[in-house]
Amino acid sequence: MSAKKSRQDWETLAQSIEIKGQALIGGELRDAESGDTFACISPVDGRVLANVASCDLADANLAVSNARAMFESGAWAQLPPAERKKVVIRFAELIEENGDELALLETLDMGKPIRYSKAVDVAGAARAIRWSGEAVDKIYDELAPTPHNEIGMVTREPVGVVAAIVPWNFPMLMACWKLGPALAAGNSVILKPSEKSPLTAIRLGQLAMEAGMPAGVLNVLPGFGHTVGKALALHMDVDTLVFTGSTKIAKQLMIYAGESNMKRVWLEAGGKSPNIVFADAPDLDAAAEAATSAIAFNQGEVCTAGSRLLVEASIKDAFVEKVALQLQNWQPGHPLDPDTQVGAVVDQQQLDTVLTYIEKGAQGGATMVCGGKRVMTETGGLFVEPTVFDNVNNQMPIAREEIFGPVLSVITFNSAEEAVAIANDTDYGLAAAVWTSNISKAHKTAKALRTGMVWINHYDGGDMTAPFGGYKQSGNGRDKSLHAFEKYTEVKATWIAL
Ligand code: NAD
Ligand code: MN
């Protein structure tokens, strides 16, 4: 491991890397068939990082036919699992070996602090790929309990061609949660990164090739949702579509699947997660620290952000004061400064969305406790102060709609029943947290919450060993853990008469 780099070190490295903006199809870096490109603009300072291939239907067709041909050839799908595993693990090693470059690309492209790009995104991406590779020669199929003269086999096979459409908030991490099990299971994959953060996906594609993945196993198509994303979602020869992104687009993808070939659609969508703090929490300072990072980390651009802070009435004022105090440690800074905790918002459109919600919160009768302003405009970058609203009621837009920025809504409750009712009164069901010393209250509350993940006395825990995903309009299916393999395999029943 290298010593901690200074901002100057990162700036110097940024000068030396060659940023690739092409698509990767059938093992070759190529321009879009149309020749069109779009400017990839850094939210850190407004500079153009690259002109990126703007793929559309023609590129989708080419990538799908390459992916299909590779799948049919068996050169990847039919390798012994232990052989695929070696290549997948080598891919994970290359992500680590190129970690500084990947972290830098992520930070420049979408604005998150470099310390997290390295410690969270690169580390998490490598772990997701390695864990999936390690798993693949340890997953057994089943034999049905059959009569003596029959054998019933239940086997899992790769689905074939997988299209993965991913968002910009954790571009490489969300991609790798999907690539790990999809590739390890033997599928061919077409990765469509967000138009707001295409750079690491392209680099990942190159690294997969370098690791020994045959050409056509992993294809990368940068471009817009309504062009290349839609083309993939409507494609008659894509078997499975996996997605992380907004609930609005998730619903649209189900329609596209129904309008085309009924491809399997697995969705990881938005959230408005409740963080419930009871007066008997074991450590209110720790709870306040967690409530703060739950909304400020990654500029609040986190699907599991603890954006609704539900606090028991008796401690509410004191607790909000603690959160406001903690937030002083989470003021925006230059993303390449290794001490910065809050970086730039991904683009102008997202910044405008955040500022509009801040206005709505103030006009709607909530009390602004701190934050609320765009800052550091002299840098040419897009920065906003983490913002807390007190006296929010759960019907206000800032409590109902996913802002996807550092805007916290504080809601007061008087009983456990009321807390659960407010927590569940949402279209979403991704995650929730509960803070209490009472083990019975902790479990009762956790069971009553309609969410795919519940954290008790901490926020945002998890690992590759546990599934990640939501109830209700937060999606279906799960990333991470062995459950993720369910998305990338079909179950076959083979019945043999002896
Ligand atoms: P988005 O839905 O706008 O875009 C996601 C992806 O879909 C992008 O690649 C985009 O180009 C593509 N897309 C857009 N329109 C499309 C169309 N018509 N057809 C096909 N593809 C299309 O979401 P975003 O703004 O990039 O990401 C933020 C969202 O992601 C938030 O709602 C957040 O909660 C969610 N998210 C969820 C999880 C999770 O695991 N549940 C994790 C991270 C982010
Ligand atoms: Mn970008």
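## Pockets and the largest pocket

On a 1 Å grid over the protein atoms alone, a pocket is an open set of points with protein on both sides within 12 Å along at least five of seven lines, whereas a cavity is a set of points where a 1.4 Å probe fits but cannot get out, and lining residues have an atom within 4 Å of a point. The structure is a predicted model in which local features need pLDDT of at least 70 and side-chain atom pairs count only at pLDDT 80 or more, while totals for chains, interfaces and linings use all residues. Residues are numbered from 1 along each chain as its sequence is written, and side-chain values use heavy atoms, with hydrogens and water left out.

The largest pocket holds about 1,200 Å³ of space, a volume being the space filled by probe spheres set on grid points that are joined across faces, edges and corners. Its lining is made of 36 residues, of which Trp168, Lys196, Gly245, Ser246 and Ile249 are the closest to its centre. Helix H8 (225–233), strand S10 (240–244), helix H9 (247–259) and helix H12 (348–363) each give at least two residues to this lining, and H9 supplies the largest share, six residues. Helices (H or I, at least four residues) and strands (E, at least two) are DSSP runs numbered from the N terminus. By class, 15 residues of the pocket lining are nonpolar, 14 polar and seven charged; Ala, Val, Leu, Ile, Met, Phe, Trp, Tyr, Cys and Pro count as nonpolar, Asp, Glu, Lys and Arg as charged, and the others, Gly among them, as polar.

## Cavities

Five cavities of 30 Å³ or more are found in a search of the whole structure. The largest cavity has a volume of about 70 Å³, and among the 13 residues that line it, the closest to its centre are Ala305, Ser307, Glu402, Ile403 and Phe404. The lining of the largest cavity divides into six nonpolar, five polar and two charged residues.

## Helix H5 and its partners

Helix H3 (residues 81–97) and helix H5 (residues 114–135) pack at an angle of about 170°, with their axes 8 Å apart, where axes are lines fitted to C-alpha atoms, for helices over the stretch in contact, and angles run from 0 to 180 degrees between N-to-C directions. H3 and H5 are therefore roughly antiparallel to each other, a term for angles over 145 degrees, with those under 35 counted as roughly parallel, 65 to 115 as roughly perpendicular and the rest as oblique. Their contact (heavy atoms within 4.5 Å) includes Val88, Ile89 and Phe91 of H3 and Val122, Ala125 and Ile129 of H5. By class, this contact of H3 with H5 has nine nonpolar, one polar and five charged residues.

H5 also packs with helix H6 (residues 171–184), at an angle of about 10° and with the axes 8 Å apart, and H5 and H6 are therefore roughly parallel to each other. Among the residues in contact are Val122, Ala125 and Ile129 of H5, together with Met172, Leu173 and Trp177 of H6. The contact of H5 with H6 has twelve nonpolar, four polar and one charged residues.

Key:
Chains lettered and ligands numbered in written order.
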